[in-house]
Amino acid sequence: MARVVPDDLQPGMVLSKPVTNANGVVMLGEGSELTDAVIEKIRGMDMDYVYVKGAPGDDTSLEQILADLDKRFKSVEDAPYMDVIKKAVREHIEALYG
């Protein structure tokens, strides 16, 4: 699942979470395939991002993602239980790339 800004949406992408308006009303359901017309409507809703399945062009390596994870947890490595959280996140990432 990837967060994508409306300007980067492309026809054929599939929503992995519903798109809701400012009042929380579902405008497009999870699993909806995007078309040019739907993308224009999303852009008109002034949304910061939507969630889509996969991420075209995302070629970040597993090694880079794990290095980023280490960097993010560096400032809290002495905090209680943060090592447990980091380990869980690491295992999840490795399973996704498995």
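**View 1. Ser61 (S61) in the loop between β4 and α2 of the predicted model.** In this predicted model, S61 is partly exposed, because its relative accessible area is 32%, a value that falls between the limits of 20% for buried and 50% for exposed. The loop that holds S61 runs between β4 and α2. Although S61 and Y97 stand 36 residues apart along the chain, their C-alpha atoms are separated by 9.1 Å.

**View 2. Helix α2 and its two faces.** Helix α2 covers residues 62-73, and its twelve residues should span 16 Å at 1.5 Å a residue, which agrees with the 17 Å between its end C-alpha atoms. Within α2, the residues L66, L69 and F73 are buried. Seen down the helix axis, the buried residues of α2 fall within an arc of 50°, so they line one face of the helix. An α-helix has 3.6 residues a turn, so residues three or four places apart point the same way. The exposed residues E63, K71 and R72 are carried on the face of α2 that is turned away from its buried side. The partner against which the buried residues of α2 pack is α3, residues 82-97.

**View 3. Tyr81 (Y81) in the loop between α2 and α3.** The phi angle of Y81 is near 70°, which is a positive value in a residue other than glycine. Y81 is exposed, because its relative accessible area is 64%, and the limit for calling a residue exposed is over 50%.

View 4. In α1, which covers residues 36-44, the residues V38, I39 and I42 are buried. When α1 is seen down its axis, these buried residues fall within an arc of 100°, so they line one face of the helix. On the other side of α1, the residues D36, A37, K41 and G44 are exposed. Among the elements of the chain, α1 has the highest mean pLDDT, 94, whereas β1 has the lowest, 83. The chain as a whole averages a pLDDT of 88, and 93% of its residues score at least 70.

**View 5. Asp46 (D46), after helix α1.** D46 follows α1 and has its place in the loop between α1 and β4. Its phi is near 55°, a positive value in a residue other than glycine. D46 is exposed, because its relative accessible area is 68%.

**View 6. The largest nonpolar core of the model.** This core has 13 residues, and those with the most contacts inside it are L9, L15, L28, L34, I42, V50 and V52. At least two residues of the core are supplied by each of β1, α1 and β4. The largest share, three residues, comes from α1.

**View 7. Leu15 (L15) and its surroundings.** L15 is found in the loop between β1 and β2, and L15 counts as buried because its relative accessibility is 0%. Leaving aside its neighbours within four places in sequence, L15 is in contact with a set of residues that includes L28, G29, L34, V50 and V52. L15 and L34 are 19 residues apart in sequence, yet their C-alpha atoms are 7.6 Å apart in space.

**View 8. Gly29 (G29), a contact of L15.** G29 has its place in the loop between β3 and α1, and G29 counts as partly exposed because its relative accessibility is 28%. When residues up to four places away in sequence are not counted, G29 touches L15 and P18. The C-alpha atoms of G29 and L15 are 7.5 Å apart in space, while the two residues are 14 residues apart in sequence.

**View 9. Ser16 (S16) and the backbone of V52.** S16 lies in the loop between β1 (2-4) and β2 (19-20), and S16 is buried, because its relative accessible area is 12%, with the limit for buried set at under 20%. A polar atom of the S16 side chain lies 3.5 Å from the backbone nitrogen of V52.

Key:
Residues are numbered from 1 along each chain as its sequence is written. This is a predicted model: local features need pLDDT of at least 70, side-chain atom pairs count only at pLDDT 80 or more; totals for chains, interfaces and linings use all residues. Side-chain values use heavy atoms; hydrogens and water are left out. Helices (H or I, at least four residues) and strands (E, at least two) are DSSP runs, numbered from the N terminus. Buried means under 20% relative accessible area, exposed over 50%, partly exposed in between (1.4 Å probe, protein chains only). A polar contact is a pair of N or O atoms within 3.5 Å; within protein, one must be able to donate a hydrogen and the other to accept it, and residues adjacent in sequence count only if both atoms are side-chain atoms. The expected span of a helix is 1.5 Å times one less than its number of residues. The arc is that of the directions from the helix axis to the C-beta atoms. Contact means heavy atoms within 4.5 Å. A nonpolar core is a set of buried Ala, Val, Leu, Ile, Met, Phe, Trp, Tyr and Cys residues joined through side-chain atoms within 4.5 Å. pLDDT is the predictor's confidence in each residue, from 0 to 100.
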